[in-house]
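Q: I have a model open and would like to learn how to read its features one by one. Could you walk me through it?

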Amino acid sequence: MKISLLIVVTLVMCSPTTAQVDSTLFKRTQQDTSKLLLNMDAVYNRPFLSVSKLPVAVGGYVEANWQHLGTDGVSEGHQFQMKRLTLFIASTISRRIKFLSELEFEDGTKEINIEFASIDFEFHPLLNFRGGIVMNPIGAFNQNHDGPKWEFIDRPISATQLLPATWSNVGFGLYGKLYKNNWVYAYETYLTNGFDDQIISNSENKTFLPASKLNQDRFEESFNGVPLLTAKVAIRNKKFGEVGLSYMGGVYNKFLEDGLVLDEKRRHRTWAIDFNTILPSGTYMTTEWTVTRVDVPSTYIQQYGNKQWGGFFDVVQPVLRKNIFGFERSVLNAVCRFEYVDWNAGDFIETGDNIREDIVSVVPGISWRPNAQTVIRLNYRYNWQTDLLGNPPSKTSGFQFGFSSYF
Amino acid sequence: MNRKTIFAGLIILVVACEEFQPKAPQAFELLDGPVSGLTEAENLQFLRGDVAFNDEVFTAANGLGPLFVATSCGSCHPGDGKGHPFTTLTRFGQIDESGNQYLNLGGPQLQHRAVPGFTPEDIPPNATFSRFTPPANTGLGFIDAASDTEILTWIDPDDTDGDGISGVPNWINLKEYVKERPNSVPQNGRYIGRFGKKAATYDLLQQTATAYNQDIGITSSFESVDTHSGLVLDPEVSNQTINDVVFYLKTLKAPEPRSESNSILEGKQLFNTIGCSKCHRPEMKTGNSPIAAIDNKVFYPYSDLLLHDMGPALDDGYTEGSAKSYEWRTPPLWGLGLSKNSQGGQYFLMHDGRARSIDEAILLHGGEANQIRNNYQVLTADEKTKLIQFLESL
């Protein structure tokens, strides 16, 4: 909270100053355009603006949209949403010590989060130390979630309903990369504060890792004193694309308080696999699938499942590259996302029948990129969501239109 | 693609977007929704009750348990329909009208689930028990508003008409917070119960406050004793919320019959001729109600709200109020055909869900219903099909 206040105050103080600066002095930092960038590089691979020779660069993105969705004939009508305003501040403290922060305002000011605020020390390309508020490297989306990089208005359901994207915590860790010919190998591992017992005790009435984001104290103290381990290895080839394998696990309950035993340690473990590639046809494909196991007490209620899984598969096909409305080299894409999430994979004790609590979603659409930093998107979403018991699914569908742009 | 085409497309999109959305099911395909004719103020209260009933989830942080059966009202009554074995209740400890002998051992209801760190209950050794599948909520306000006088016209404890049917009310004592209905007809200080498998609950306030307490472990000013500690606790749900939920239940619409094809009409005829309608009485009328939408209205529950001897096969050795352990309240049949939509695409019928089809449920009828079950058994396959089609159309 203090850090966010500091950043806000700094920005406010800087604003009148920058107003007097000749805008021609702003320059965009160069982005890495090699084909060996990984999802883990996303935090630094953003367009930043720097002023003259100041060591600080700033940036951010904004996304807003309109949607009209209906569920089984009931609609809330036209909705205009300010999804996110995100500000980045980066600083090169010395050649091998860097600072980066990301402050996000979600749904107006409903959620204000420091999603990233860390200092990186490079000892060797294979050995970097990162500390502060870090994004836990589980899956790819959590690391690489900037709106302007995606052709879909909504974040993937699995990334926000199984994984708690964007999930970041206070902690420390190491990362490194090794380049060899057309290959790059990378790893990341962190120990951070973790989840709490809200993951099996929440208003969603199901096992729900994102519920722990409601714990405002997690940037100040660990819920149970046991660190959350997050680790990822990734490999990328210039031709074949990138594969990542990641793990996140820890203890979510308070098992000890003032030396008194309250419960046994209850663990959760999440594994994720992600892949992205560009086919020779220019088709971009990205996918991420995740499995979570949670040690739910057998005397609790099966509404809170001990296993859940799901993921998404995106296909983006550029169909037009031309001058549109005066935007030279703009790109029009045809896109489609398939999503599946099962919040409760298991069988009822009482009947032996499958516990459902799942959703299938298909999101076709088009996106137009007047430039690389800006995307205008039109999506049509169709969801089939089935309740715990497997009753007829509720159907939701409708159009979404909006933009997302770095600035 | 020129600019005009794009702008025209966007305008069409905004204007016609609802055409691309799922259509609402027909009213007769749903059990939830308000009775028609509510005032605007009543609609608001209905919506508040709807949110409390279907959306409010209890956790340890807002009072769940520590011992419980379910975490929300809607968990047991999905879509306001019948429940699933997942949330079936177990009641134990009473074998006759002398009362429950196990109140100090967790009776009358088993809370077989617990928040982490607590140990749920077990059924005490030697205690008899019965399992109760959660019923549909639909049309409860009409049943609540039915008059004692009409119910009493159907009683025949000594079977004076010789038809084998001898319905009796469950005469119960009122909880201190329950107010008797105007024009109630008590007997020896006891009143006619009309809710629950044994008709041991007087009205929807008692039903709601008891369910919060026994099913979810939530205390209220009406039911203030914690099921785990046995201590009086501060209310964990407000009177306003309970009253809103009661209003919601009172003003849920009655199920709407879904078809009147010839075969269904023939099935209806068979239903009457073989004697089902002697207990599953098609028509009732509400008495006076402060809610105009259910005031003096004819409704079609297919029940007499009385207790009947259902035979030894359905005698679990457990009972409530003044009912015998083999007596069960005639369950309303309205909405029967929509049960699958809330029971996961399957039937779990009779009091404990043991019948997996309507045919099986009919064949489980015994006691006073012996002759009627026999009448059913001698129907042709085609006649049975028509009868079941009729029942599923309710």
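Q: Where in chain A does pLDDT stay under 50?
A: pLDDT is the predictor's confidence in each residue, from 0 to 100. In this predicted model, the stretch under 50 covers residues 5–21 of chain A. Seven contacts (heavy atoms within 4.5 Å) beyond four places in sequence are modelled for residues 5–21.

Q: What are the average pLDDT values of chain A and chain B?
A: Chain A averages 91, with 91% of its residues scoring at least 70. Chain B averages 95, and 99% of its residues score at least 70. For the complex, the predictor gives an ipTM of 0.92 and a pTM of 0.91.

Q: Which conventions should I keep in mind?
A: Residues are numbered from 1 along each chain as its sequence is written, with chains lettered from A and ligands numbered from 1 in the order in which they are written. Because the model is predicted, local features need pLDDT of at least 70 and side-chain atom pairs count only at pLDDT 80 or more, while totals for chains, interfaces and linings use all residues; side-chain values use heavy atoms, leaving out hydrogens and water.

Q: How many disulfides does the structure hold over all chains?
A: A disulfide is a pair of cysteine sulfur atoms within 2.5 Å. The structure holds zero of them over all chains. Take B:C279: the closest cysteine sulfur, in B:C276, is 9.1 Å away from its own sulfur, so the pair is too far apart for a bond.

Q: Is B:C279 buried or exposed?
A: Buried means under 20% relative accessible area, exposed over 50%, and partly exposed in between (1.4 Å probe, protein chains only). B:C279 is buried, at 12% relative accessibility. A:C336, by contrast, is partly exposed at 31%.

Q: At what angle do helix α8 and helix α11 of chain B pack?
A: Two packed helices are described by the angle between their axes and the distance between the axes. Here the axes are lines fitted to C-alpha atoms, for helices over the stretch in contact, and angles run from 0 to 180 degrees between N-to-C directions. Helices (H or I, at least four residues) and strands (E, at least two) are DSSP runs, numbered from the N terminus. In chain B, α8 (residues 262–273) and α11 (residues 381–393) pack at about 95 degrees, their axes 7 Å apart. Angles under 35 degrees count as roughly parallel, over 145 as roughly antiparallel, 65 to 115 as roughly perpendicular and the rest as oblique; α8(B) and α11(B) are therefore roughly perpendicular.

Q: Which residues of α8(B) and α11(B) meet?
A: Among them are B:I264, B:L270 and B:F271 in α8(B), and B:L387, B:F390 and B:L391 in α11(B).

Q: What does A:W271 touch?
A: A:W271 is found in strand β15 (residues 267–278) of chain A. Leaving aside residues up to four places away in sequence, A:W271 touches A:S246, A:Y247, A:W289, A:T290, A:V291 and A:R293. A:W271 is partly exposed, with a relative accessible area of 39%.
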